[in-house]
Amino acid sequence: MSSAQTLTGSIAASHVIKWLRAWYRDEGMPEAIDLDVVRQMLPGTPYGTGVREIRPPVPFDDEAFEGMLARNPDDQEVWGIAYNGKTRHERQRFTIAHELGHFILHRGQQWSFNCDKQSVHTGIATLRDIEREADDFASNLLMPGDLLRDWISNQRIDLHVLSAIAKRFQVSFEALCIRFIKFTTQRAILVYWDNGYVKYEWRSSSAVKTRARIRRNADPQEPLPGTLAADASVDQEWDGTEMSAAIWCPEEARHMKLREFKHSFGARDRVLTLLLLESAEPRAWDRSWQDGESFDSFDQFVSNGQLPVR
């Protein structure tokens, strides 16, 4: 089977968006995806074969619980979704989209999916893979690549711009920043700090290609001296501060600059750092980036005005 025939989260989301645009043909699709329309529409599409209904999502007030998709044991043509009703509206939307991703991509593998915040980090490869696929579907569905491209094109990116886009899509600021990193053609690095240590790091495809990576100073990684991330007196820096790229990335030339942005969440124990680096050409002799993080090639495909054949 060719890669073009493999149903991924991004390809599935692309088809759903295409169907939604046909649904809204006369009035225009809203910027924030209406997941209730998606839920009602799916059983009538090729992705809903054998399913009569997806019941309206049900909230549960359990902080250890994130979301669930399950088939009705008494009626195999009916499925249901539950989500944590104590989380923010944006998080609830992502969770419901994630469960719809399981419905499309994985319901042939098992009859129920219980998802929590750590599922995507589990050491069980199969579980981790399907959670990431469902996340990929949710991200691509809620933040369509063509709209994101239009909104960030010819703009000087800062956290004000990214926050405004997150509000238009009705997604969390963190989810939008991750989507931006996976989509942008700029050299960019996103670091999420939890209680002073790195929880995750994302690099854009061009950052991977040019081997832009942050300096390692400990395990687990701590903020680097001289950076905004290490400056406890700075909670927010949404306009960005320019500095030598070598402060963060030791392999960058001394003349290269970057802009560091900082966003502290309410409790100040969780911090997002966004680094936007000056452009640089990939090193022709260095092909190690090919084994680095993957990037969303589908989005790049769509950005060229093409759609895959299912």
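Asp75 is partly exposed, with a relative accessible area of 23%; the term covers values between the buried class, under 20% relative accessible area, and the exposed class, over 50%, using a 1.4 Å probe and protein chains only. Arg52, at 46% relative accessibility, is likewise partly exposed. The side chains of Asp75 and Arg52 meet in a salt bridge with an N to O distance of 2.5 Å. Asp75 belongs to strand β4 (residues 75–84) and Arg52 to the loop between α2 (35–41) and β1 (53–54), so this pair ties together parts that are 23 residues apart in sequence. Arg52, Asp75 and Glu77 are linked in a network of salt bridges.

The model is predicted: local features need pLDDT of at least 70 and side-chain atom pairs count only at pLDDT 80 or more, while totals for chains, interfaces and linings use all residues. Residues are numbered from 1 along each chain as its sequence is written, and side-chain values use heavy atoms, with hydrogens and water left out.

**Salt bridges**

A salt bridge is a side-chain nitrogen of Lys or Arg within 4 Å of a carboxyl oxygen of Asp or Glu. By this rule the count comes to twelve. The table lists some of them, including the pair described above.

| Pair | N to O distance |
|---|---|
| Asp75 and Arg52 | 2.5 Å |
| Arg149 and Asp150 | 3.8 Å |
| Glu201 and Arg216 | 2.9 Å |

Glu201 counts as buried at 19% relative accessibility, whereas Arg216 counts as exposed at 55%. In the Arg149 and Asp150 pair, Arg149 is partly exposed at 26%, and Asp150 is partly exposed at 47%.

**The five-stranded sheet**

Helices (H or I, at least four residues) and strands (E, at least two) are DSSP runs, numbered from the N terminus. The chain has ten helices and ten strands. Five strands form an open sheet in the order β7-β6-β10-β9-β8, with antiparallel pairing; two strands pair if DSSP finds at least two bridges between them. The edge strands, β7 and β8, each pair on one side only. Neighbouring strands of this sheet are turned by 20 degrees against each other on average, direction ignored.

Strand β6 (residues 187–194) is mostly covered, seven of its eight residues being buried. Eight bridges join β6 to β10, and Tyr192 stands opposite Leu272 in β10. Six bridges join β6 to β7, where Leu190 stands opposite Trp202. β6 and β7 form a hairpin with two residues between them, and Asn195 in the turn has a positive phi of about 55 degrees.

Axes here are lines fitted to C-alpha atoms, for helices over the stretch in contact, and angles run from 0 to 180 degrees between N-to-C directions.

**The chain overall**

Of the 310 residues of the chain, 49% count as buried. Among contacts (heavy atoms within 4.5 Å) between residues at least 6 apart in sequence, 60% join residues at least 24 apart. The chain exposes about 15,600 Å², of which carbon and sulfur atoms supply 48%; accessible areas come from the Shrake-Rupley method with a 1.4 Å probe.
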